[in-house]
Amino acid sequence: MKHSTTNDADEPDLIALLGSRLCHDLVSPIGAIGNGLELLEMSGAGAGGEEMALIRASVESAKARIRFFRLTFGAGAGDGVVPAREMREALNAMYAETRTKVLWHDEGDHPRSEMRLACLALNCVEVATPWGASVEVSRNEASWVIHVTAKRLRIDAPLWESLGKSELPADLKGSEVQFGILARESQRLRRPVSVRADDTHLSVIV
């Protein structure tokens, strides 16, 4: 019997392709909603100013989150450079109407694989900050450094400890898939993840 010589590295990343497909399919209807809002605003037939502003903010937040998810979970062509300005704009729009504020201090433009690590880490941080937080993202010579300050954090210790291990919790939830992907990507890129946390502070280095 002839065995296949195809390596895992040669096979398509189905999870990333699924992420790209979902983002692609969501962009069109959300964009259509945005276009509809513009028409209502131009015709004067829309709701009151405050209501329209709220809907507009929600649409912009959704569009920014899709861009963020496409970078975080989607498949990319090669390893093109992602501008810091694009990351900052997406994060500002995503969190504008939330109790969490993300400050992106890094001014450098980085390859997609690098930006993806930071985005995955920020997705993990969201699990720990359901009540809001102040999040600062910076970079040293070799790693992303994320500092989180909050009045209260929800830290699932086994979940965070799994980032430095090769085995993930057997009960990993769909809302926690970013932990599994970050663990896999950090191992693939040989970038160990360091985590320190207490009741009000969380630091992630990757």
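How many helices and how many strands does the chain have? The chain has six helices and seven strands; these are DSSP runs, with helices being H or I of at least four residues and strands E of at least two, numbered from the N terminus.

**Figure 1. The whole chain in a predicted model.** This is a predicted model, in which local features need pLDDT of at least 70 and side-chain atom pairs count only at pLDDT 80 or more, while totals for chains, interfaces and linings use all residues. Residues are numbered from 1 along each chain as its sequence is written, and side-chain values use heavy atoms, with hydrogens and water left out. Along the sequence, the elements follow the pattern α-α-β-α-β-β-α-β-β-α-α-β-β. The chain has 206 residues, and 37% of them count as buried (buried means under 20% relative accessible area, exposed over 50%, partly exposed in between, with a 1.4 Å probe and protein chains only). The accessible surface is about 12200 Å², and carbon and sulfur atoms hold 55% of this area (Shrake-Rupley method with a 1.4 Å probe; for residues, only the protein chains shown count as cover). Among contacts (heavy atoms within 4.5 Å) with a separation of 6 or more, 67% are between residues 24 or more positions apart.

Figure 2. The mean pLDDT, which is the predictor's confidence in each residue from 0 to 100, is 81 for the chain, and 74% of the residues reach 70 or more. Residues 1-7 have pLDDT below 50, and this stretch has one contact in the model beyond near neighbours in sequence.

**Figure 3. Arg116 in helix α4.** Helix α4 spans residues 112-128 and includes Arg116. Arg116 has a relative accessible area of 9%, so this residue counts as buried. The side chains of Arg116 and Glu185 are joined by a polar contact of 3.5 Å (a pair of N or O atoms within 3.5 Å; within protein, one must be able to donate a hydrogen and the other to accept it, and residues adjacent in sequence count only if both atoms are side-chain atoms). Apart from neighbours within four places in sequence, Arg116 is in contact with Leu71, Thr72, Phe73, Gly74, Ile181, Arg184 and Glu185.

**Figure 4. Cys119 and Cys124.** Cys119 is buried because its relative accessible area is 0%. Cys124 also has a relative accessible area of 0% and is therefore buried. A disulfide is a covalent bond between the sulfur atoms of two cysteines. With a disulfide taken as a pair of cysteine sulfur atoms within 2.5 Å, the count is zero.

Figure 5. Strands pair if DSSP finds at least two bridges between them. Strand β4 (residues 134-139) pairs with strand β5 (residues 144-149) in the antiparallel sense over six bridges. These two strands form a hairpin, with four residues between them. Opposite Val137 stands Ile146 in β5. Strand β5 also runs antiparallel to strand β7 (residues 201-205), to which five bridges join it. Here Ser203 in β7 is the bridge partner of His147.

**Figure 6. His201 in strand β7.** His201 lies in strand β7 and has 40% relative accessibility, so it counts as partly exposed. A polar contact of 2.9 Å joins its side chain to that of Thr200. Leaving out neighbours within four places in sequence, His201 is in contact with Val148, Thr149, Leu153 and Arg196. Arg152 is 49 residues from His201 along the chain, and their C-alpha atoms are separated by 8.4 Å.
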